[in-house]
Amino acid sequence: MKISIEQILIQWLNKRTKQLYDIEIAPEIFEPDNFEFGDLSTNLPFKLTKAVRKAPNIIGQEILNTDIPKIFSQAQIAGAGYINFWLSDDYLHNNIININKHPDEWGKFSTEYSKNIQIEFVSANPTGPLNIVSARAAAVGSTIANLLESIGHNVITEFYVNDAGNQVRLLGESFLYRIAQIKGENVEMPEDGYLGEYLVDYAREYIEKSPDENPNEWILQKILSEQKEILARFRTHFDSWFSESEFRKTGKVEQVLQRLIDKGLVYEYEGAKWFKASQINLDAKDFVLVKSDGQWAYGLVDIAYHANKFEERGFDIVYTILGPDHHGHKARMESAMKALGHDDKLKIIILQQVNLIEQGNKVKMSKRAGKIITMDVLLEDVGVDAARYFFLARKAESHLDFDLDLARKTSDENPVYYIQYAYARIQSISRFAKNKGVNIENIETQSVDLSMLTRPEENNLCRKITKYSISVQNAAESLQPHIIPFYLLELAKIFHNFYTKHKVVCDDEKLTLARVALISAIANIIKCGLAICGIEAPNEM
RNA sequence: GCGCCCGUGGCUCAGUUGGAUAGAGCGUUGGACUACGAAUCCAAAGGUCGCAGGUUCGAAUCCUGCCGGGCGCGCCA
């Protein structure tokens, strides 16, 4: 697929305003919330009133005073000056055939503006099991990666392994403490150590299986491999695992520090080296690059790491997804990238927190005491599909109340099953049709007469599946994955509605074939949409 | 005190980035299975979009000030 209906309309409107008024303006296109207003609308005439000095409806008439793009059957001026467009039946029917012909590539675009994009997410400290916020980050990050790929970008996913610094040292000390404790030695837990029970289990495993290995390295690798395993199970793939400790050896950190010094952006205060972030970005506070003991602070290494993404690896855009406790970091990193000449290339997405709700109450968690609901417990509890769905069905910047009871339910109340059920139902109908002797092989190539699809329910479905690509584009461009689950929910709804009103396999052979082609296209769309979200489309359930 | 996020039917959330009569799901009430899957469908009730100003043809959306909730504010990461 090269170009969407939305783009066709935008290009046409652009051409018209240039021809008529010699004005270049980005026309806004939207799907009207009321089907009486057609498939696509624009408010362009309102936008032009000032420049053109005419009433909106006059402008609308002038714009329409020529042939409209062929994909539309008609266009009308409505209200005070909207222009509404209706897709032609030919276009809708061709669309069904095309979806069935290219089920796997549907909703994927090639773009001449293709960019090299890196998206970094999760990047949890390798000091313990992944938590719920990491799970949310995994669901959102992997889905955004899928979306950006869908609209034609080259996307690399990366997990930054923070295998250096203070936290890792504390992990090692806590681990040694647990080992000593099991051996019955009298030792004390380090201050700020990790109290979680998991270290006790690991300590036992270490003593039994690999007592000869370096305990610090062993525990790090152990936790890291567990994190990798759970993320893979959560259908979250990383192209790259980037090690902080390796990176620290490359000399890049020193170089970046020197560059900041040369730019006059570093000062000393109480023995530490500070970055003048506030001079570049008013929202950012100055922060420490080198501590008074000579150690690099986390902020400095992170600046060098992000600079590396642009300078050594050539990404055009980098998205970094951070948890809510890192929002102060956002302005700092952006100011540092600006200082190094990478204006507006780093986009930091702050993901808000997750509250687990059980029996109407918030589940209390304390990381300090090691009392947290971990990602693997969650997946065990509600399943990958439901978990991904619930994480994705909210805007990233919204706080998320994750209702465990609802997610566990495999019933009608759980939206993810509602969507999957629509898919499974279609597969079931296809099997039924096949058994009845309907020739559903090669449904995309036979001469199916889609003009048989005249009922309003069929018409709604044709229109809805045609707009799938618009939803993908919107979701990708705005980095808002939740658009896809919402779209799928609506599609499933109008499919179920159609199903109860009309028989797919009926007495009329031509109509049967047309409807089989229609539902087959719907199934393909559901499958594509769910695939973007990392959710399975089951043939049976 | 400063910063970030949020405030939309009883509950959880959408609202196409300033557009047409504010929409879904759950819950509630009442209906629909002797033909393709009832994990479904249909219908009804339920709203001063936290409050008050402002910007304009037009505001749930933008600006200002309050109110309420969550999170952060370290030479930790």
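Helices here are DSSP runs (H or I, at least four residues), numbered from the N terminus. This is a predicted model, in which local features need pLDDT of at least 70, side-chain atom pairs count only at pLDDT 80 or more, and totals for chains, interfaces and linings use all residues. Residues are numbered from 1 along each chain as its sequence is written, and side-chain values use heavy atoms, without hydrogens and water.

Helix α6 covers residues 166-182. Its 17 residues reach 25 Å from the first C-alpha to the last. That is close to the 24 Å expected at 1.5 Å a residue, taking 1.5 Å times one less than the number of residues. Among the buried residues of α6 are Val168, Leu171 and Phe175. Buried means under 20% relative accessible area (1.4 Å probe, protein chains only). Their cover includes α7 (198-209) and α8 (215-233), where contact means heavy atoms within 4.5 Å.

## Aromatic pairs

Rings of Phe, Tyr and Trp (its six-membered ring) pair if their centres lie within 6.5 Å; planes under 30 degrees apart count as stacked, over 60 as edge-to-face and the rest as tilted. The count comes to 25 aromatic pairs. Phenylalanine 175 and tyrosine 206 pair edge-to-face, 5.7 Å centre to centre with 70° between the planes. Phenylalanine 175 sits in α6 and tyrosine 206 in α7, 31 residues apart. Phenylalanine 175 is buried, at 0% relative accessibility. Tyrosine 206 is buried too, at 6%.

Technical notes
Chains are lettered from A and ligands numbered from 1 in the order in which they are written. Helices (H or I, at least four residues) and strands (E, at least two) are DSSP runs, numbered from the N terminus. Buried means under 20% relative accessible area, exposed over 50%, partly exposed in between (1.4 Å probe, protein chains only).
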